[in-house]
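Hi everyone, thanks for coming. I'd like to walk you through one structure today, from the whole fold down to a few individual residues. Here it is on the screen.

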Amino acid sequence: MNSNHVVVVTRKLPEAVEERLRRDYVPRLNPDDRLYTADELLALSDGADAIMPCHTEKLTADVIVRLPASVRAIANFSVGVDHVDLNAARDRGIVVTNTPDVLSDATAEIAMLCLLGAARRASEGERLVRSRKWKDWSPAFMVGLQITGKRLGIIGMGRVGQVVARRARGFGMQVHYHNRRRIDPALEQGATYHASLDDMLPLCSVLSLNCPATPETIGLMDSRRIGLLPDGAIVVNTARGALVDDDALIAALRSGKLYAAGLDVYNNEPEIHPEYRELNNTFLLPHIGSATRETRDAMGFRALDNLDAIFAGREPQDRVA
Ligand code: DGY
């Protein structure tokens, strides 16, 4: 397909994705990969038919009402859509899509990395080696937690959660999960469903957050729920920082209530709560869950498939509003 539709692309995308954009659309690319302010994005959207944003652009209700009337679609280069006010988009008749499925494997890999990094004190160990402070080996040196045979609780047994469950089973973990609804038992592969999160938390040696940030889940892991975890548990978050009350998590990491946390996402990224950096029992990554070549290409192509459908008058496969 080849159209004259103008697409504002907010960040630098993989070359193959930009090539397809140039072939099929009139893209307004961002070769310098600069983070646009809301006003810049609005100015760039003048006369555009669609916007292809990432989670780094906050499309609040205020921004959406100010978008030019020409904008018919927001095709996100992300599975998460918490950066878009979906109700405001619906009110304006703007179609919004995301990119599910294609990043589940990559994100689950990072969840396992966070889990292992936190359990086996990977940050501490790496720092020791790099700083030349590693002097000796002894039976008591750098002893961490073994995850084999431990119980993993997953909050959010969607696409990513299910892959995390499979990977964790490969490590001999027993999987439990909490979800709004029980998933098809054929997909559970032995995982135990808990309708009540409060009932599941006391069982979790490791807790992995894999649900989207919605009004229902924002602040989910507050001090009360962290308090329900067994002493010495590990918290892994590769979903969204907003699921966690930072002060509560940091207090639990400081007091030893929690053994460690493995985090790839944070409130207010990249200006994260400074105490995370100070703690030895945190394993911290910079929101790289989907950051593989294969996945970033696939995310771009999926977003373009959605745009192609919208402009061809078809229903896009990943419509969220
Ligand atoms: C997503 O797709 O939601 C990832 O967090 C990257 O934005």
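Let me start with a bit of bookkeeping about charge: Lys and Arg count as positive here, Asp and Glu as negative, while His and the chain ends are left out. Each charge is placed at NZ of Lys, CZ of Arg, CG of Asp or CD of Glu. And please keep in mind that what you're looking at is a predicted model.

With that settled, how far apart are the mean positions of the positive and negative charges? The protein carries 39 positive and 42 negative charges, and their mean positions lie 4 Å apart.

Now the overall fold. We have 13 helices and twelve strands. If you'd like a box around the C-alpha atoms, it is roughly 65 × 50 × 35 Å along the principal axes.

Of the 321 residues, 51% are buried. The protein exposes about 15,200 Å², and carbon and sulfur atoms supply 51% of that area. As for contacts between residues at least 6 apart in sequence, 59% of them join residues at least 24 apart.

Let's zoom in on some side chains. The structure holds three aromatic pairs, and I've picked one of them, Y177 with Y193. This pair is tilted, with 45° between the planes and 5.1 Å from centre to centre. Y177 sits in strand β7, residues 174–178, and Y193 in strand β8, residues 192–194, so to speak a link across 16 residues of chain. Are these two tyrosines buried or partly exposed? Y177 is buried, at 0% relative accessibility, whereas Y193 is partly exposed, at 22%.

Finally, some backbone details for those of you who enjoy them. The peptide bond from E269 to P270 is cis, with omega near -5°. You'll find P270 in the loop between β11 (258–263) and α12 (275–278).

R121 has a phi of about 60°, and its place is the loop between α5 (104–119) and α6 (122–130). R121 is also partly exposed, with 22% relative accessibility. H287 has a positive phi of about 50°, and H287 lies in the loop between β12 (282–284) and α13 (293–311).

That's my tour. Happy to take questions!

Key:
Residues numbered from 1 in each chain as written. Predicted model: local features only at pLDDT ≥ 70, side-chain atom pairs only at ≥ 80, totals over all residues. Heavy atoms only, no water. Helix = DSSP H or I, 4+ residues; strand = E, 2+ residues; numbered from the N terminus. Buried < 20%, exposed > 50% of the residue type's maximum accessible area, 1.4 Å probe, protein only. Contact = heavy atoms within 4.5 Å. Areas by Shrake-Rupley, 256 points an atom, 1.4 Å probe, with all protein chains shown as cover. Phe/Tyr/Trp six-rings, centres within 6.5 Å; stacked < 30°, edge-to-face > 60°.
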